[in-house]
Amino acid sequence: MSLPRCALRWARLPARALPALRPAREPRPWRLGRAAACARPSSSSSSSGGSRAPNTSLYVPLPVKPLGPSAAGDVGAELTRPLNKVEVRKVLDKFYKRKEIQKLGTDYGLDARLFHQAFISFRNYILQSQSLDVDTHITLNDICCNAAHVDDLFPFFMRHAKQMFPMLACKDDLRKISDLRLPPNWYPEARSIRRKIVFHAGPTNSGKTYHAIQRYLTAKSGVYCGPLKLLAHEIFEKSNDAGVLCDLVTGEERVMKDPDGRPAAHVACTVEMCSVTSPYEVAVIDEIQMIKDPARGWAWTRALLGLCAEEIHLCGEAAAIDIVTELMYTTGEEVEVRNYNRLTPITVLNHALESLDNLRPGDCIVCFNKNDIYSVSRQIEIRGLESAVIYGSLPPGTKLAQAKKFNDPDDPCKILVATDAIGMGLNLSIKRIIFNSLIKPSINEKGEKEMEPISTSQALQISGRAGRFSSKFKEGEVTTMYPEDLKLLKEILNKPVEPIEAAGLHPTADQIEMFAYHLPDTTLANLIDIFVDFSQVDGQYFVCNMDDFKFSADLIQHIPLSLRVRYVFCTAPINKKQPFVCSSLLQFARQYSRNEPLTFAWLRRYARWPLQPPKNIKDLVELEAIHDVLDLYLWLSYRFVDMFPDASLVRDLQKELDGIIQKGVHNITRLIRMSESQRMLNLDSSPTGKQGQLPGAAKSTSREEIRGKAVEAAMAESLASKSLASRLVRQGRLTPLMLKQLRKEWLKQQAEERGWPENDSFSGRMRRKKTDPDAN
């Protein structure tokens, strides 16, 4: 090899790859071990002293296209000779099979899966390129001519691998950016003052929040941070009623009480919206135990560590005392704990309700899904009682209207059917809490759905709504619907609440932006995955679940947006179970990318306004989804004022929609009856229409099932012909459960009258019918 060619090769190779090269004509594999030791990157052992290895399954390969013909010609071929593709393939296969190369790849961050992916791409790149870069061409030619060793391909292979997986080239930088081990340092303004931390610890209805709010009202300036819009709105009204000028700030709403629009000294906000740069005399953080929440815990951590207030009053369960004390120890601040006892007694009854006939005024039945809400409400109406209904997806105005209806002593509605949404944010006059079930679906930190009994904390929070100090019932009671659940409820309530062990964290937009600088071609959802995988946290913290964020990121990935704008759209709170809400986020992002403002007129057309009152449950669910879409518009209008310009008009529209939904919920049992009626009509028409369409299904069905289906079809046809079922359902005199019982009785009666043996088949009776007219 001539000196110029050798110098050219060395000049073009990556600096870190040089120690892996050997003199030509010395293919001695044993020397690779020493070369690997010299070439091994310093980041092979994780930074910060042995952190876990990255999860390479999150690395999405970027395509590296083969090179076309070069404008300057194939310089490598001119300096050496054209490459023989067959010989090159053999060289590449030999390179892939060498154990030493695989081990060296592992040292550079290529596990077996990444190594294989990188090699397949590298081989295709070499064989399909019409002209290779000079150094690669010369090296391949030398190997084919036995003038170099096959291991000399490794620097070029790694260069290709880093193009496919750019995170391999900047792992140390990514680890520094995603280092979440010192969250207190993120808030220099809070660290510059000496804060007094007061923890008001106690169960529900113990007066802990009342005492904190009293201090808030007497301060020169203050901020209240609550978990719900309803709670923020309640404090907003209390403050202004007490003569303390207070503003309201939530994700979807800003209310300034000063006529000139100047900010008031006091503000009530949802915890996510609190400012960590504005100075206050007093701050109140409500429900501090939610610092452990898998999805929202980061907001309480941010408020606790970042609020610039001389006094910070925390309200919540005693289970949070230890974690708060530990976190404040890292900031050099002491925690004063004030314990409170429940103001009114609460008793766990020794008997279950067993039947809705045993309901009495002031009862609240707690369900954990909407279908149970509908079913229980319907059964209550059949018994001649009225009930109010509250569940999470209802608009705040509707929840308040239903709560007012239930609390009104002059209203005939004395029963409440609700989900655990009553656990906080609503003042209700409840005498007895009745758990319809103790099993609640939940999402863990990994984003997995779990069906488990409610926790002690949840049971205490819900049970504590009975017999509140401010209600007409001075003693509370709690029980279950079914006797078999009562023992479990007592066990749950008697367990001590487990201390909270860790607080939630969430990557900021700045951190994600710095991450994206190193990985510019990676999708936002994949960026989040890699960030969480690279992140390092102390034992006192955990990274919150970001599945909802990634869902939105995947949804709008194909829309051209800047990273910062994309991040904001992905943090918008949406219900991903509602297709219309998800499609609306997509449509809003698309309009934004086209620089087309989303006007009030456009939104009315999109929502098909004007809307009609709901006629059934399906209509009600659709109206709730439209209300969520209007919420989404308002949320975005405070982030992108120019593109969502008609917030005030949309808010008026939302209030009108809230009224329509209130009317629907007020008559929810009628909507349930109409839904059952339509379902019954579908059942009436479907069996006879489908009976002859699935002839093959009868062969694999038991005789009893065939007979049951045939009899059911005959009964349905009979009922449909007389329209009796339809009338009874519409009048509320028949339910699917009652229809099922009627079917069983009708089957039994027909069998007795016609003398059908248990093992007789329906087809046999049909054959006899042809010869015996009286057989049926």
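Colleague: How many bridges join strand S6 to S7 in this model?

Modeller: Keep in mind that we are looking at a predicted model. Strand S6 covers residues 279-285 and runs parallel to S7. One place to look is Ala283, which stands opposite Ile312 in S7. The number of bridges that join S6 to S7 is six.

Colleague: And which residue in S7 is the bridge partner of Lys196?

Modeller: Let's turn to strand S1, residues 196-201, which is parallel to S7 and joined to it by six bridges. Lys196 belongs to that stretch. Its bridge partner in S7 is Glu311.

Colleague: Is strand S7 mostly covered or mostly open, and how many of its residues are buried?

Modeller: Here we count residues with under 20% relative accessible area. Strand S7 spans residues 308-316 and is mostly covered. Of its nine residues, the number buried is eight.

Colleague: Which helix gives the largest share of the lining of the second largest pocket?

Modeller: This pocket holds about 830 Å³ of space and is lined by 37 residues. Helices H12 (208-218), H13 (229-241) and H18 (456-463) each supply at least two of the lining residues. The largest share is six residues, and it comes from H12.

Terms used: Residues are numbered from 1 along each chain as its sequence is written. This is a predicted model: local features need pLDDT of at least 70, side-chain atom pairs count only at pLDDT 80 or more; totals for chains, interfaces and linings use all residues. Side-chain values use heavy atoms; hydrogens and water are left out. On a 1 Å grid over the protein atoms alone, a cavity is a set of points where a 1.4 Å probe fits but cannot get out, and a pocket is an open set with protein on both sides within 12 Å along at least five of seven lines; lining residues have an atom within 4 Å of a point. Grid points are joined across faces, edges and corners, and a volume is the space filled by probe spheres set on the points. Helices (H or I, at least four residues) and strands (E, at least two) are DSSP runs, numbered from the N terminus. Buried means under 20% relative accessible area, exposed over 50%, partly exposed in between (1.4 Å probe, protein chains only). Two strands pair if DSSP finds at least two bridges between them.
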